[in-house]
Amino acid sequence: MEQDIDKLKTQLRKQEKLASLGLLSAGIAHEIQNPLNFVINFSKMSDKLLKDLSEIVDENKDKLDEDDREDLNDIVADLQENMQKIVEHGERAISIIRGILLVSRGKEGEFLPTDICKLVKEYVWLSYHSMRANTKGFNLTIHESYEESIPMVMVIPQDLSRAVLNVMNNACYALWRKSQSAPEGYTPEVSVSVKVVGSELQISISDNGEGMNDEVKQRIYENFFTTKPVGQGTGLGMGIVKDIIESKHGGTVSFETTEGEGTTFTFTIPIKK
Ligand SMILES: Nc1ncnc2c1ncn2[C@@H]1O[C@H](COP(=O)(O)OP(=O)(O)OP(=O)(O)O)[C@@H](O)[C@H]1O
Ligand SMILES: [Mg+2]
């Protein structure tokens, strides 16, 4: 009995520590976002200024001798490349920070009026950037179709964004897998669409990746079911998605898939006023 109590106490202390660690990292992540945004925005502005500068050099090329003109052009080109690197890596850092914020936000989500297209777009691109940061030499094309003037919809934004992220992460992975064995000329593509049908919101994410066989189709929502190698997937993603869309939002998750061809996931969510 006493041993049990001691065990519980240690467990509790551990959990408290973890919780405060979570809050601390969320706080830090939040604070870093702002200066990082400055870095990115000023680099973008400098990149534009460099374009202006090279136009001026062009207009005045008769006044410069050939060598000087070449040097100047080279320097401007190098600077532009550097600026783009700063933007690219800054954006990578931002997406890492968003990830930290996502997991360390503890409290139960509430329904809030939400701009769904903005949310979907943000998390589709977050997934894309973190995939790009982790897989060298792989790229994909994203097609987006967002119905205009969708009114604000009541959803739990932190949960819905997690659902979009999970599905998009899976799509990216399926594309990457297919690209490993696909014939030359294969373009990995994702199509995202958000629209209102009747009194329901429809969010769909399609990929032309590896698709699923019958076993995967049947077990996809099972917790800990994964086809990914150890360390790369826990098999919880789709279970969480189903819980978020169906239990929390009263909607449905459906999918269509063809092995070797691709997969489409659709969330249907009733619009609450
Ligand atoms: N778009 C997709 N294309 C092909 N297979 C998919 C797709 N989405 C899911 N799957 C299959 O369903 C399985 C379960 O997906 P789920 O997201 O639940 O777990 P996971 O991605 O393996 O791990 P994680 O917990 O990191 O998300 C995947 O391992 C994969 O085999
Ligand atoms: Mg997953």
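**View 1. Contacts of Ser 43 in the predicted model**. Not counting residues up to four places away in sequence, Ser 43 touches Met 83, Ile 86 and Val 87 (contact means heavy atoms within 4.5 Å). Ser 43 belongs to helix H1, residues 2–59; helices (H or I, at least four residues) and strands (E, at least two) are DSSP runs numbered from the N terminus. With a relative accessible area of 5%, Ser 43 is buried (under 20%, using a 1.4 Å probe and protein chains only).

**View 2. Packing of helices H4 and H6**. The axes, lines fitted to C-alpha atoms over the stretch in contact, lie 9 Å apart at an angle of about 145°, on a scale from 0 to 180 degrees between N-to-C directions. Residues making the contact include Asp 159, Asn 166 and Asn 170 of H4 and Gly 237, Ile 244 and Lys 248 of H6. The contact residues divide into 8 nonpolar, 3 polar and 3 charged; Ala, Val, Leu, Ile, Met, Phe, Trp, Tyr, Cys and Pro count as nonpolar, Asp, Glu, Lys and Arg as charged, and the others, Gly among them, as polar.

**Notes.** This is a predicted model: local features need pLDDT of at least 70, side-chain atom pairs count only at pLDDT 80 or more, and totals for chains, interfaces and linings use all residues. Residues are numbered from 1 along each chain as its sequence is written, chains are lettered from A and ligands numbered from 1 in the order in which they are written, and side-chain values use heavy atoms, with hydrogens and water left out.

Key: Buried < 20%, exposed > 50% of the residue type's maximum accessible area, 1.4 Å probe, protein only.
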